[in-house]
Amino acid sequence: MRISIILPAKNEAEGLRQTLPGLRALMPDAEVIVVDDGSTDATAAVAAEHGARVLSSPYAMGNGAAIKRGARAASGDVLVFMDADGQHNPADIPKLLERLEAGYDMAVGARNAGGQANIGRGAANAFYNRVASWMTGHRIADLTSGFRAARAERFREFLHLLPNGFSYPTTSTMAFFRSAYPVAYVPIDVARRIGRSHIRPLRDGARFLIIILRIATLYSPLKLFAPASFVFGALGLSYYAYTYITQERFTNMSALMLSASVIIFLIGLVSEQITALTYRRDQ
């Protein structure tokens, strides 16, 4: 089983100097691909110096775009994704591969509470995990972990779904669950990253909120739209009952809320059909 290890990197020269030697020592036969996402430092030179295959972008396209480029170029049967900033320990890779050998299609390194960048990010990730677990009916220990191993054939099925930004872990996880490909979680410890994070709370905060909508629409839209439809329907009927008792009339507000209830439900129904078509795989 040939293994390809893909590291998306943007200005991660120092992180690669620490990560690549250990990676090479542990897995000398693996294909190592560093996707240089428009770096302005010595990222590409450091990667080449340590024997990695370098894919360079002329400008920054995003973390997800780097993942897609690396996955397309990789020749391995198994793809391992890890950060280039020194957070992930190459010694944990065999733990992920063991889960694939046990029959799983993807294995994800699950960080503990101490592995979160800060309290805010930790609380947000815990919330995402709960929402995703409710949507899928499976316990999701770390929805946003970028340290994972997957069967190449399975992962490439969903490249067209992956965003170019930072939520590729969320999208790939939900896609695997939706397609009934088993996913395992392996507890890992992470180190403090080398250098500055590329995630900006103000700039990326709205994007992370959209992750919640992506979770719902990627897995089962009706789980989002049906409750919303029920709420509007209940409000419309309640308001109608109130106005009938107090004024003996049916108001425009009741009509609006009841109409919204029907429309939201129908949108969810159509979205469910589109989602089913999105995951269709012609044999």
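This is a predicted model: local features need pLDDT of at least 70, side-chain atom pairs count only at pLDDT 80 or more; totals for chains, interfaces and linings use all residues.
Local features were taken at pLDDT of at least 70 and side-chain atom pairs only at pLDDT 80 or more, whereas totals for chains, interfaces and linings use all residues. Residues are numbered from 1 along each chain as its sequence is written, and side-chain values use heavy atoms, with hydrogens and water left out.

The chain contains ten helices and seven strands, assigned as DSSP runs (helices H or I, at least four residues; strands E, at least two) and numbered from the N terminus. Of its 283 residues, 49% are buried, where buried means under 20% relative accessible area, exposed over 50%, and partly exposed in between (1.4 Å probe, protein chains only). Among contacts (heavy atoms within 4.5 Å) with a separation of 6 or more, 75% are between residues 24 or more positions apart.

Thr170 is part of helix α7 (residues 168-178) and counts as buried because its relative accessibility is 1%. With residues up to four places away in sequence set aside, Thr170 touches Leu143, Thr144, Ile211 and Ile215.

Asn11 is in the loop between β1 (3-9) and α1 (13-26) and is partly exposed, with a relative accessible area of 29%. Glu248 belongs to the loop between α9 (222-247) and α10 (252-278); its relative accessibility is 67%, so Glu248 counts as exposed.

Rings of Phe, Tyr and Trp (its six-membered ring) were paired if their centres lie within 6.5 Å; planes under 30 degrees apart count as stacked, over 60 as edge-to-face and the rest as tilted. By this rule there are eight aromatic pairs. Phe176 and Tyr181 form an edge-to-face pair, because their ring centres are 5.7 Å apart and their planes are at 70°. Both partners are buried, Phe176 at 0% and Tyr181 at 13% relative accessibility. Tyr240 and Phe250 are also edge-to-face, with 5.0 Å centre to centre and 80° between the planes. This pair joins helix α9, which holds Tyr240, to the loop between α9 and α10, which holds Phe250, ten residues apart. Tyr240 is partly exposed at 32%, and Phe250 is partly exposed at 45%. Phe81, Phe155 and Tyr168 make up one aromatic cluster.
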